[in-house]
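Thanks for coming. I will go through one model this morning, starting with the overall numbers and then the sheet and the rings.

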Amino acid sequence: MRLLFWVSALTVLYVYVGYPLLLVVWASIVEPRRRERSAGGPREESESSSASERASGSTDSARCASAGLAEARRIMSERRPGAARALKEDGRDGRDGLERRDDLPGVSIVVAARNEARRLPSRIENLLSLDYPASRRQIIVVSDGSTDDTIDSLVRFGEAVDVVEIPAGGKAMALNAGVARAVHDVLVFADARQTFADDALRALVAPLTDPTIGGVTGELVLDCESAADRRGHLDRRVAAIANRWMEADRRVVPERRYLVASTIAEGVGLYWKYEKQLRRLESAIGSTLGTTGAIYALRRSLWSPLPADTILDDVLSPMRAVLAGRRVVFEERAKAFDRTSSASQAESRRKIRTLAGNVQILGLEPRLLVPFVNPVWIQYYSHKLGRLAVPYALLTLLTASIALAGQQWFYAIALAGQCAFYLLAGYGAYLEWRSACGRLSSRACDREGELATAAACGRELATAAACGRLSSRACDREGELATAADARVRTSALRPVAENLGALRGSGRPTDAANA
(Lines give C-alpha, C1' and ligand atoms only; values in the text may rest on other atoms or scores of the structure.)
Protein backbone atom coordinates (compact mmCIF):
# COMPACT_ATOMS: atom_id res chain seq x y z
CA MET A 1 0.00 0.00 0.00
CA ARG A 2 2.82 2.40 0.77
CA LEU A 3 4.30 1.80 -2.67
CA LEU A 4 0.93 2.50 -4.30
CA PHE A 5 0.56 5.65 -2.17
CA TRP A 6 3.90 7.11 -3.16
CA VAL A 7 3.71 6.12 -6.82
CA SER A 8 0.26 7.72 -7.11
CA ALA A 9 1.29 10.86 -5.20
CA LEU A 10 4.44 11.33 -7.27
CA THR A 11 2.50 10.84 -10.51
CA VAL A 12 0.07 13.64 -9.65
CA LEU A 13 2.84 15.96 -8.45
CA TYR A 14 4.99 15.34 -11.52
CA VAL A 15 2.18 15.99 -14.00
CA TYR A 16 1.09 19.33 -12.49
CA VAL A 17 4.25 20.60 -10.75
CA GLY A 18 7.32 18.60 -11.72
CA TYR A 19 6.76 18.71 -15.47
CA PRO A 20 6.33 22.52 -15.61
CA LEU A 21 9.53 22.93 -13.57
CA LEU A 22 11.32 20.58 -15.94
CA LEU A 23 10.17 22.70 -18.89
CA VAL A 24 11.50 25.87 -17.27
CA VAL A 25 14.95 24.35 -16.76
CA TRP A 26 14.95 22.72 -20.18
CA ALA A 27 13.97 25.96 -21.94
CA SER A 28 16.75 27.87 -20.16
CA ILE A 29 19.27 25.42 -21.67
CA VAL A 30 17.84 25.02 -25.18
CA GLU A 31 16.92 28.60 -25.92
CA PRO A 32 20.37 30.21 -25.78
CA ARG A 33 21.65 27.62 -28.25
CA ARG A 34 18.82 28.34 -30.64
CA ARG A 35 19.55 32.07 -30.42
CA GLU A 36 23.18 31.44 -31.25
CA ARG A 37 22.26 29.40 -34.32
CA SER A 38 19.86 32.05 -35.58
CA ALA A 39 22.07 35.08 -34.71
CA GLY A 40 22.65 37.35 -37.68
CA GLY A 41 20.07 35.62 -39.90
CA PRO A 42 16.46 36.42 -40.65
CA ARG A 43 14.02 36.24 -37.80
CA GLU A 44 13.22 32.60 -38.52
CA GLU A 45 13.70 31.56 -34.93
CA SER A 46 13.16 34.86 -33.16
CA GLU A 47 9.46 34.37 -32.56
CA SER A 48 9.79 30.95 -30.99
CA SER A 49 13.07 31.69 -29.19
CA SER A 50 11.59 34.69 -27.44
CA ALA A 51 8.58 32.68 -26.19
CA SER A 52 10.05 31.63 -22.87
CA GLU A 53 11.38 35.15 -22.22
CA ARG A 54 7.87 36.50 -22.62
CA ALA A 55 6.57 33.65 -20.46
CA SER A 56 9.02 34.52 -17.69
CA GLY A 57 8.08 38.20 -17.75
CA SER A 58 11.28 39.65 -19.29
CA THR A 59 11.37 43.34 -20.19
CA ASP A 60 11.26 44.85 -23.66
CA SER A 61 14.94 45.73 -23.54
CA ALA A 62 15.90 42.12 -22.91
CA ARG A 63 13.70 41.03 -25.76
CA CYS A 64 15.36 43.53 -28.07
CA ALA A 65 18.82 42.34 -27.09
CA SER A 66 18.02 38.67 -27.68
CA ALA A 67 15.72 38.66 -30.69
CA GLY A 68 17.97 40.60 -33.09
CA LEU A 69 17.62 43.79 -35.08
CA ALA A 70 14.33 42.86 -36.75
CA GLU A 71 12.62 42.14 -33.44
CA ALA A 72 14.10 45.32 -31.97
CA ARG A 73 12.61 47.36 -34.80
CA ARG A 74 9.21 45.81 -34.17
CA ILE A 75 9.30 46.57 -30.45
CA MET A 76 10.52 50.15 -30.96
CA SER A 77 7.83 50.74 -33.56
CA GLU A 78 5.27 49.78 -30.91
CA ARG A 79 6.74 52.42 -28.58
CA ARG A 80 7.30 55.23 -31.10
CA PRO A 81 4.41 56.06 -33.47
CA GLY A 82 6.75 57.73 -35.95
CA ALA A 83 8.90 54.64 -36.30
CA ALA A 84 6.11 52.68 -37.98
CA ARG A 85 6.17 55.06 -40.94
CA ALA A 86 9.95 54.79 -41.18
CA LEU A 87 9.87 51.01 -41.16
CA LYS A 88 7.23 50.96 -43.88
CA GLU A 89 9.43 53.22 -46.00
CA ASP A 90 12.23 50.72 -45.38
CA GLY A 91 10.05 47.96 -46.80
CA ARG A 92 8.79 46.48 -43.56
CA ASP A 93 5.58 46.79 -41.57
CA GLY A 94 6.20 48.45 -38.22
CA ARG A 95 3.28 46.70 -36.49
CA ASP A 96 4.77 43.24 -36.39
CA GLY A 97 8.02 43.31 -38.29
CA LEU A 98 6.84 41.20 -41.22
CA GLU A 99 8.37 41.59 -44.63
CA ARG A 100 6.79 43.49 -47.47
CA ARG A 101 3.21 42.61 -48.26
CA ASP A 102 4.42 40.96 -51.46
CA ASP A 103 6.34 38.46 -49.33
CA LEU A 104 3.32 37.36 -47.29
CA PRO A 105 2.23 33.79 -48.04
CA GLY A 106 -1.17 33.04 -49.45
CA VAL A 107 -3.54 31.66 -46.82
CA SER A 108 -6.79 29.71 -47.08
CA ILE A 109 -9.01 30.20 -44.03
CA VAL A 110 -11.29 27.22 -43.41
CA VAL A 111 -14.38 27.61 -41.21
CA ALA A 112 -16.55 24.57 -40.52
CA ALA A 113 -20.10 25.59 -39.56
CA ARG A 114 -23.37 23.90 -38.75
CA ASN A 115 -26.51 26.02 -38.19
CA GLU A 116 -24.50 29.23 -37.66
CA ALA A 117 -26.67 31.63 -39.65
CA ARG A 118 -26.72 34.19 -36.82
CA ARG A 119 -22.97 34.23 -36.14
CA LEU A 120 -21.47 33.79 -39.60
CA PRO A 121 -22.13 37.27 -41.07
CA SER A 122 -20.27 39.04 -38.27
CA ARG A 123 -17.55 36.37 -38.36
CA ILE A 124 -16.98 36.85 -42.08
CA GLU A 125 -16.89 40.62 -41.63
CA ASN A 126 -14.19 40.11 -39.01
CA LEU A 127 -12.11 37.95 -41.37
CA LEU A 128 -12.52 40.42 -44.24
CA SER A 129 -11.37 43.29 -42.03
CA LEU A 130 -8.07 41.61 -41.04
CA ASP A 131 -4.81 43.36 -41.89
CA TYR A 132 -3.88 41.03 -44.74
CA PRO A 133 -3.88 41.49 -48.53
CA ALA A 134 -7.17 40.35 -50.02
CA SER A 135 -5.34 38.91 -53.03
CA ARG A 136 -3.48 36.50 -50.74
CA ARG A 137 -6.45 35.48 -48.63
CA GLN A 138 -9.16 32.91 -49.32
CA ILE A 139 -12.13 32.37 -47.01
CA ILE A 140 -13.84 28.99 -47.18
CA VAL A 141 -17.01 28.22 -45.23
CA VAL A 142 -18.13 24.60 -45.14
CA SER A 143 -21.77 24.02 -44.18
CA ASP A 144 -21.92 20.66 -42.43
CA GLY A 145 -25.53 19.72 -43.18
CA SER A 146 -26.96 22.99 -41.87
CA THR A 147 -30.75 23.12 -41.60
CA ASP A 148 -31.10 26.86 -41.01
CA ASP A 149 -30.23 29.84 -43.24
CA THR A 150 -26.45 29.35 -43.03
CA ILE A 151 -25.99 29.34 -46.82
CA ASP A 152 -28.38 32.27 -47.40
CA SER A 153 -26.60 34.38 -44.78
CA LEU A 154 -23.41 34.25 -46.89
CA VAL A 155 -24.97 35.30 -50.20
CA ARG A 156 -24.33 39.00 -49.61
CA PHE A 157 -20.56 38.42 -49.47
CA GLY A 158 -20.52 37.17 -53.04
CA GLU A 159 -17.20 35.94 -54.38
CA ALA A 160 -15.35 37.01 -51.22
CA VAL A 161 -16.38 33.70 -49.61
CA ASP A 162 -16.16 30.21 -51.08
CA VAL A 163 -19.14 28.25 -49.80
CA VAL A 164 -19.02 24.46 -49.67
CA GLU A 165 -22.16 22.54 -48.74
CA ILE A 166 -21.90 18.89 -47.66
CA PRO A 167 -24.23 16.42 -45.92
CA ALA A 168 -23.93 16.27 -42.14
CA GLY A 169 -20.82 14.23 -41.37
CA GLY A 170 -19.03 15.98 -38.52
CA LYS A 171 -16.34 18.62 -38.27
CA ALA A 172 -13.56 16.36 -39.54
CA MET A 173 -15.35 15.75 -42.84
CA ALA A 174 -16.12 19.46 -43.14
CA LEU A 175 -12.43 20.33 -42.70
CA ASN A 176 -11.47 17.75 -45.33
CA ALA A 177 -13.90 19.35 -47.76
CA GLY A 178 -12.61 22.82 -46.96
CA VAL A 179 -8.97 21.85 -47.50
CA ALA A 180 -9.91 20.25 -50.82
CA ARG A 181 -11.22 23.67 -51.94
CA ALA A 182 -8.14 25.57 -50.68
CA VAL A 183 -5.83 27.14 -53.26
CA HIS A 184 -3.01 28.47 -51.06
CA ASP A 185 -0.05 26.77 -49.40
CA VAL A 186 -0.90 27.82 -45.84
CA LEU A 187 -4.09 26.58 -44.17
CA VAL A 188 -5.65 28.59 -41.33
CA PHE A 189 -8.39 26.93 -39.30
CA ALA A 190 -11.00 28.94 -37.42
CA ASP A 191 -14.43 28.56 -35.84
CA ALA A 192 -17.61 30.57 -36.30
CA ARG A 193 -17.92 31.56 -32.65
CA GLN A 194 -14.62 33.35 -32.01
CA THR A 195 -13.14 36.46 -33.59
CA PHE A 196 -9.57 37.47 -34.54
CA ALA A 197 -7.55 40.53 -33.60
CA ASP A 198 -6.82 42.79 -36.56
CA ASP A 199 -3.20 41.64 -36.89
CA ALA A 200 -3.78 38.01 -35.90
CA LEU A 201 -3.35 36.56 -39.39
CA ARG A 202 -0.06 38.33 -40.07
CA ALA A 203 1.31 37.28 -36.70
CA LEU A 204 0.12 33.71 -37.21
CA VAL A 205 2.00 33.17 -40.47
CA ALA A 206 5.16 35.04 -39.44
CA PRO A 207 6.95 32.01 -37.89
CA LEU A 208 6.39 30.03 -41.10
CA THR A 209 9.31 31.88 -42.69
CA ASP A 210 11.35 29.22 -40.85
CA PRO A 211 11.25 26.08 -43.02
CA THR A 212 11.59 23.85 -39.93
CA ILE A 213 8.25 25.12 -38.59
CA GLY A 214 5.23 23.30 -39.95
CA GLY A 215 2.44 24.76 -37.84
CA VAL A 216 1.61 27.71 -35.60
CA THR A 217 -1.02 28.03 -32.91
CA GLY A 218 -2.34 31.38 -31.75
CA GLU A 219 -3.49 32.49 -28.31
CA LEU A 220 -7.13 32.19 -27.33
CA VAL A 221 -8.10 34.96 -24.91
CA LEU A 222 -11.12 34.16 -22.74
CA ASP A 223 -13.42 36.86 -21.39
CA CYS A 224 -12.76 35.66 -17.82
CA GLU A 225 -9.06 36.51 -18.07
CA SER A 226 -8.27 39.77 -16.31
CA ALA A 227 -6.93 42.59 -18.45
CA ALA A 228 -4.39 43.21 -15.70
CA ASP A 229 -2.74 39.90 -16.55
CA ARG A 230 -2.02 40.99 -20.11
CA ARG A 231 1.23 42.83 -20.61
CA GLY A 232 2.09 46.42 -21.46
CA HIS A 233 0.61 48.35 -24.33
CA LEU A 234 -1.26 45.31 -25.61
CA ASP A 235 -3.75 45.61 -22.73
CA ARG A 236 -5.80 48.42 -24.19
CA ARG A 237 -5.78 46.98 -27.71
CA VAL A 238 -6.78 43.49 -26.61
CA ALA A 239 -9.44 44.79 -24.22
CA ALA A 240 -10.91 47.07 -26.88
CA ILE A 241 -11.13 44.30 -29.47
CA ALA A 242 -12.59 41.86 -26.94
CA ASN A 243 -15.19 44.38 -25.77
CA ARG A 244 -16.16 45.19 -29.35
CA TRP A 245 -16.63 41.50 -30.12
CA MET A 246 -18.67 40.88 -26.96
CA GLU A 247 -21.03 43.72 -27.83
CA ALA A 248 -21.50 42.27 -31.32
CA ASP A 249 -22.05 38.83 -29.84
CA ARG A 250 -24.79 40.17 -27.58
CA ARG A 251 -26.55 41.65 -30.60
CA VAL A 252 -26.29 38.38 -32.48
CA VAL A 253 -27.50 36.20 -29.60
CA PRO A 254 -30.12 38.10 -27.52
CA GLU A 255 -30.40 35.25 -25.02
CA ARG A 256 -26.90 36.14 -23.77
CA ARG A 257 -28.60 38.31 -21.16
CA TYR A 258 -29.37 35.13 -19.26
CA LEU A 259 -25.73 33.88 -19.41
CA VAL A 260 -24.25 35.61 -16.39
CA ALA A 261 -20.90 34.82 -14.82
CA SER A 262 -20.78 31.52 -12.96
CA THR A 263 -18.70 30.00 -10.21
CA ILE A 264 -16.46 28.21 -12.76
CA ALA A 265 -15.27 31.29 -14.69
CA GLU A 266 -12.30 32.12 -12.44
CA GLY A 267 -11.24 28.48 -12.25
CA VAL A 268 -11.38 28.07 -16.02
CA GLY A 269 -9.42 31.28 -16.52
CA LEU A 270 -6.72 30.18 -14.07
CA TYR A 271 -6.42 26.74 -15.67
CA TRP A 272 -6.27 28.22 -19.18
CA LYS A 273 -3.43 30.57 -18.23
CA TYR A 274 -1.56 27.60 -16.75
CA GLU A 275 -2.11 25.62 -19.96
CA LYS A 276 -0.89 28.46 -22.16
CA GLN A 277 2.23 28.77 -20.02
CA LEU A 278 3.00 25.11 -20.73
CA ARG A 279 2.53 25.74 -24.45
CA ARG A 280 4.96 28.67 -24.37
CA LEU A 281 7.61 26.55 -22.70
CA GLU A 282 7.03 23.53 -24.95
CA SER A 283 7.25 25.80 -27.99
CA ALA A 284 10.54 27.25 -26.74
CA ILE A 285 11.98 23.73 -26.36
CA GLY A 286 10.69 22.26 -29.62
CA SER A 287 7.01 21.86 -30.33
CA THR A 288 3.66 22.22 -28.66
CA LEU A 289 1.55 19.07 -28.34
CA GLY A 290 -1.51 20.50 -30.01
CA THR A 291 -3.05 23.74 -31.14
CA THR A 292 -6.02 25.94 -30.33
CA GLY A 293 -8.79 24.89 -32.68
CA ALA A 294 -10.05 28.48 -32.87
CA ILE A 295 -6.82 29.78 -34.46
CA TYR A 296 -4.00 27.72 -35.93
CA ALA A 297 -2.08 27.50 -39.19
CA LEU A 298 -0.56 24.49 -40.96
CA ARG A 299 1.41 24.03 -44.12
CA ARG A 300 -0.80 22.36 -46.70
CA SER A 301 1.98 19.92 -47.59
CA LEU A 302 1.71 18.51 -44.04
CA TRP A 303 -2.06 18.03 -44.12
CA SER A 304 -3.51 14.52 -44.23
CA PRO A 305 -7.26 13.88 -44.52
CA LEU A 306 -8.86 13.27 -41.14
CA PRO A 307 -10.84 10.13 -40.28
CA ALA A 308 -14.56 10.86 -40.17
CA ASP A 309 -14.85 10.18 -36.43
CA THR A 310 -11.90 12.37 -35.37
CA ILE A 311 -12.62 14.16 -32.11
CA LEU A 312 -9.58 16.45 -31.74
CA ASP A 313 -8.53 17.67 -35.18
CA ASP A 314 -6.47 20.41 -33.52
CA VAL A 315 -4.27 17.76 -31.87
CA LEU A 316 -4.13 15.06 -34.54
CA SER A 317 -3.09 17.30 -37.45
CA PRO A 318 -0.31 19.15 -35.55
CA MET A 319 1.07 15.91 -34.10
CA ARG A 320 1.24 14.46 -37.60
CA ALA A 321 3.33 17.48 -38.57
CA VAL A 322 5.61 16.82 -35.58
CA LEU A 323 5.97 13.17 -36.60
CA ALA A 324 6.97 14.43 -40.04
CA GLY A 325 9.91 16.25 -38.46
CA ARG A 326 8.50 19.78 -38.29
CA ARG A 327 7.96 22.01 -35.30
CA VAL A 328 4.61 23.43 -34.15
CA VAL A 329 5.14 26.68 -32.24
CA PHE A 330 3.04 28.97 -30.06
CA GLU A 331 2.60 32.57 -31.26
CA GLU A 332 0.96 34.65 -28.57
CA ARG A 333 0.67 37.76 -30.75
CA ALA A 334 -1.93 35.99 -32.90
CA LYS A 335 -5.00 36.46 -30.71
CA ALA A 336 -8.54 35.15 -30.92
CA PHE A 337 -11.31 35.93 -28.44
CA ASP A 338 -13.98 33.70 -26.92
CA ARG A 339 -16.41 33.45 -24.03
CA THR A 340 -16.16 31.14 -21.04
CA SER A 341 -19.07 28.78 -20.56
CA SER A 342 -21.26 29.86 -17.65
CA ALA A 343 -22.37 26.28 -16.89
CA SER A 344 -20.17 23.63 -15.33
CA GLN A 345 -22.01 20.96 -17.33
CA ALA A 346 -20.75 22.44 -20.60
CA GLU A 347 -17.20 22.65 -19.25
CA SER A 348 -17.43 19.07 -18.03
CA ARG A 349 -18.55 17.89 -21.46
CA ARG A 350 -15.65 19.74 -23.04
CA LYS A 351 -13.12 18.09 -20.71
CA ILE A 352 -14.60 14.63 -21.30
CA ARG A 353 -14.43 15.23 -25.03
CA THR A 354 -10.78 16.28 -24.72
CA LEU A 355 -9.83 13.19 -22.72
CA ALA A 356 -11.72 10.92 -25.13
CA GLY A 357 -9.95 12.58 -28.05
CA ASN A 358 -6.53 12.01 -26.48
CA VAL A 359 -7.33 8.33 -26.05
CA GLN A 360 -8.57 8.10 -29.65
CA ILE A 361 -5.35 9.62 -31.01
CA LEU A 362 -3.34 6.77 -29.51
CA GLY A 363 -5.26 4.41 -31.80
CA LEU A 364 -5.02 6.70 -34.84
CA GLU A 365 -1.30 7.46 -34.43
CA PRO A 366 0.39 4.76 -32.32
CA ARG A 367 3.76 6.12 -33.47
CA LEU A 368 3.38 8.78 -30.79
CA LEU A 369 4.23 6.12 -28.20
CA VAL A 370 7.58 5.23 -29.82
CA PRO A 371 10.46 7.25 -28.28
CA PHE A 372 12.74 7.48 -31.36
CA VAL A 373 9.88 8.18 -33.75
CA ASN A 374 8.13 10.90 -31.75
CA PRO A 375 10.51 13.90 -31.35
CA VAL A 376 8.48 15.16 -28.36
CA TRP A 377 8.09 11.78 -26.70
CA ILE A 378 8.95 13.03 -23.19
CA GLN A 379 6.57 15.97 -23.44
CA TYR A 380 3.82 13.78 -24.86
CA TYR A 381 4.04 11.23 -22.06
CA SER A 382 4.29 13.95 -19.39
CA HIS A 383 1.56 16.24 -20.70
CA LYS A 384 -0.98 14.08 -22.54
CA LEU A 385 -0.62 10.58 -21.13
CA GLY A 386 0.05 11.91 -17.63
CA ARG A 387 -3.30 13.73 -17.66
CA LEU A 388 -5.02 10.47 -18.60
CA ALA A 389 -3.36 8.68 -15.67
CA VAL A 390 -4.16 11.33 -13.03
CA PRO A 391 -7.79 10.24 -12.26
CA TYR A 392 -6.66 6.68 -11.59
CA ALA A 393 -3.72 7.93 -9.54
CA LEU A 394 -6.05 10.04 -7.39
CA LEU A 395 -8.38 7.09 -6.80
CA THR A 396 -5.45 4.85 -5.86
CA LEU A 397 -4.02 7.56 -3.60
CA LEU A 398 -7.31 7.90 -1.70
CA THR A 399 -7.66 4.14 -1.29
CA ALA A 400 -4.07 3.79 -0.04
CA SER A 401 -4.52 6.72 2.37
CA ILE A 402 -7.60 5.10 3.90
CA ALA A 403 -5.72 1.83 4.37
CA LEU A 404 -2.63 3.52 5.89
CA ALA A 405 -4.31 6.24 7.97
CA GLY A 406 -4.35 4.10 11.13
CA GLN A 407 -0.68 3.16 10.87
CA GLN A 408 1.07 6.55 10.81
CA TRP A 409 0.08 10.16 11.38
CA PHE A 410 1.50 11.28 8.01
CA TYR A 411 -1.01 9.16 6.08
CA ALA A 412 -3.82 10.36 8.36
CA ILE A 413 -2.94 13.96 7.48
CA ALA A 414 -2.79 13.03 3.79
CA LEU A 415 -6.25 11.47 4.05
CA ALA A 416 -7.62 14.53 5.83
CA GLY A 417 -6.17 16.78 3.13
CA GLN A 418 -7.76 14.75 0.37
CA CYS A 419 -11.12 14.72 2.16
CA ALA A 420 -10.97 18.50 2.54
CA PHE A 421 -10.09 18.84 -1.16
CA TYR A 422 -13.03 16.72 -2.29
CA LEU A 423 -15.41 18.47 0.13
CA LEU A 424 -14.41 21.84 -1.28
CA ALA A 425 -14.92 20.50 -4.79
CA GLY A 426 -18.36 19.24 -3.78
CA TYR A 427 -19.20 22.60 -2.22
CA GLY A 428 -18.15 24.34 -5.42
CA ALA A 429 -20.41 22.02 -7.40
CA TYR A 430 -23.25 22.86 -5.01
CA LEU A 431 -22.67 26.60 -5.52
CA GLU A 432 -22.72 26.10 -9.27
CA TRP A 433 -25.95 24.08 -9.01
CA ARG A 434 -27.56 26.78 -6.86
CA SER A 435 -26.40 29.46 -9.27
CA ALA A 436 -27.84 27.51 -12.20
CA CYS A 437 -31.15 27.11 -10.34
CA GLY A 438 -31.15 30.83 -9.64
CA ARG A 439 -30.63 31.60 -13.31
CA LEU A 440 -33.44 29.25 -14.29
CA SER A 441 -35.74 30.77 -11.67
CA SER A 442 -34.86 34.26 -12.84
CA ARG A 443 -35.51 33.30 -16.40
CA ALA A 444 -38.81 31.67 -15.44
CA CYS A 445 -39.81 34.76 -13.47
CA ASP A 446 -38.91 36.97 -16.42
CA ARG A 447 -40.95 34.76 -18.69
CA GLU A 448 -43.85 34.70 -16.27
CA GLY A 449 -43.67 38.47 -15.98
CA GLU A 450 -43.68 38.84 -19.75
CA LEU A 451 -46.73 36.55 -19.99
CA ALA A 452 -48.51 38.43 -17.21
CA THR A 453 -47.75 41.75 -18.91
CA ALA A 454 -49.00 40.40 -22.23
CA ALA A 455 -52.17 39.11 -20.56
CA ALA A 456 -52.74 42.47 -18.87
CA CYS A 457 -52.21 44.25 -22.16
CA GLY A 458 -54.66 41.86 -23.79
CA ARG A 459 -57.26 42.57 -21.14
CA GLU A 460 -56.74 46.31 -21.54
CA LEU A 461 -57.14 46.03 -25.28
CA ALA A 462 -60.28 43.99 -24.86
CA THR A 463 -61.66 46.52 -22.40
CA ALA A 464 -60.78 49.38 -24.73
CA ALA A 465 -62.46 47.62 -27.63
CA ALA A 466 -65.57 46.99 -25.55
CA CYS A 467 -65.62 50.58 -24.40
CA GLY A 468 -65.24 51.66 -27.98
CA ARG A 469 -68.20 49.58 -29.04
CA LEU A 470 -70.30 50.91 -26.13
CA SER A 471 -69.29 54.45 -26.92
CA SER A 472 -70.20 53.95 -30.54
CA ARG A 473 -73.56 52.48 -29.61
CA ALA A 474 -74.14 55.29 -27.08
CA CYS A 475 -73.34 57.84 -29.73
CA ASP A 476 -75.71 56.19 -32.19
CA ARG A 477 -78.45 56.09 -29.55
CA GLU A 478 -77.84 59.69 -28.61
CA GLY A 479 -78.09 60.67 -32.25
CA GLU A 480 -81.36 58.81 -32.64
CA LEU A 481 -82.77 60.53 -29.54
CA ALA A 482 -81.67 63.94 -30.76
CA THR A 483 -83.28 63.32 -34.16
CA ALA A 484 -86.52 62.24 -32.51
CA ALA A 485 -86.56 65.27 -30.23
CA ASP A 486 -85.90 67.57 -33.17
CA ALA A 487 -88.75 65.95 -35.06
CA ARG A 488 -91.09 66.47 -32.14
CA VAL A 489 -90.10 70.14 -31.92
CA ARG A 490 -90.67 70.61 -35.63
CA THR A 491 -94.07 68.86 -35.36
CA SER A 492 -95.13 71.06 -32.45
CA ALA A 493 -94.13 74.19 -34.35
CA LEU A 494 -95.98 73.21 -37.52
CA ARG A 495 -99.19 72.09 -35.80
CA PRO A 496 -100.71 75.69 -35.42
CA VAL A 497 -99.96 76.42 -39.04
CA ALA A 498 -101.66 73.24 -40.15
CA GLU A 499 -104.70 74.08 -38.02
CA ASN A 500 -104.94 77.59 -39.56
CA LEU A 501 -104.70 76.18 -43.03
CA GLY A 502 -107.51 73.74 -42.28
CA ALA A 503 -109.71 76.54 -40.97
CA LEU A 504 -109.15 78.69 -44.01
CA ARG A 505 -110.01 75.86 -46.35
CA GLY A 506 -113.25 75.26 -44.47
CA SER A 507 -114.33 78.92 -44.73
CA GLY A 508 -113.58 79.13 -48.47
CA ARG A 509 -111.21 82.09 -48.14
CA PRO A 510 -108.21 82.08 -50.43
CA THR A 511 -104.90 81.52 -48.76
CA ASP A 512 -101.80 83.61 -49.24
CA ALA A 513 -100.21 80.76 -51.08
CA ALA A 514 -103.07 80.58 -53.58
CA ASN A 515 -102.91 84.31 -54.22
CA ALA A 516 -99.24 84.09 -54.79
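Of the 516 residues in the protein, 44% are buried, where buried means under 20% relative accessible area, exposed means over 50%, and partly exposed lies in between, with a 1.4 Å probe and protein chains only. Keep in mind that this is a predicted model: local features need pLDDT of at least 70, side-chain atom pairs count only at pLDDT 80 or more, and totals for chains, interfaces and linings use all residues. Residues are numbered from 1 along each chain as its sequence is written, and side-chain values use heavy atoms, with hydrogens and water left out.

The protein has 15 helices and eight strands; these are DSSP runs numbered from the N terminus, helices being H or I of at least four residues and strands E of at least two.

Now the cores. A nonpolar core is a set of buried Ala, Val, Leu, Ile, Met, Phe, Trp, Tyr and Cys residues joined through side-chain atoms within 4.5 Å. The largest has 41 residues, and those touching the most other members include Ile109, Val111 and Phe196. A second, separate core has 34 residues, among them Leu306 and Val322.

Eight strands form an open, mixed sheet in the order 3-2-1-4-7-6-8-5; two strands pair if DSSP finds at least two bridges between them. Strand 3 (161–166) and strand 5 (195–196) are at the edges with a single partner strand each, so one side of each has no neighbour in the sheet. Strand 2, residues 137–144, pairs with strand 3 in the parallel sense over six bridges. In that pairing, Ser143 has Glu165 of strand 3 as its bridge partner.

Which aromatic pair links strand 4 and strand 7? First, the rule: rings of Phe, Tyr and Trp (its six-membered ring) pair if their centres lie within 6.5 Å, with planes under 30 degrees apart counted as stacked, over 60 as edge-to-face and the rest as tilted. The structure holds 13 such pairs. In the pair of Phe189 and Tyr296, the centres are 4.9 Å apart and the planes at 25°, so the pair is stacked. Phe189 lies in strand 4 and Tyr296 in strand 7 (residues 295–299), 107 residues apart. Both Phe189 and Tyr296 are buried.

Trp409 and Phe410 form an edge-to-face pair, 6.4 Å centre to centre with 80° between the planes. Trp409 has 62% relative accessibility and so counts as exposed, while Phe410, at 33%, counts as partly exposed. Ring pairs link Phe5, Trp6, Trp409, Phe410 and Tyr411 into a cluster.
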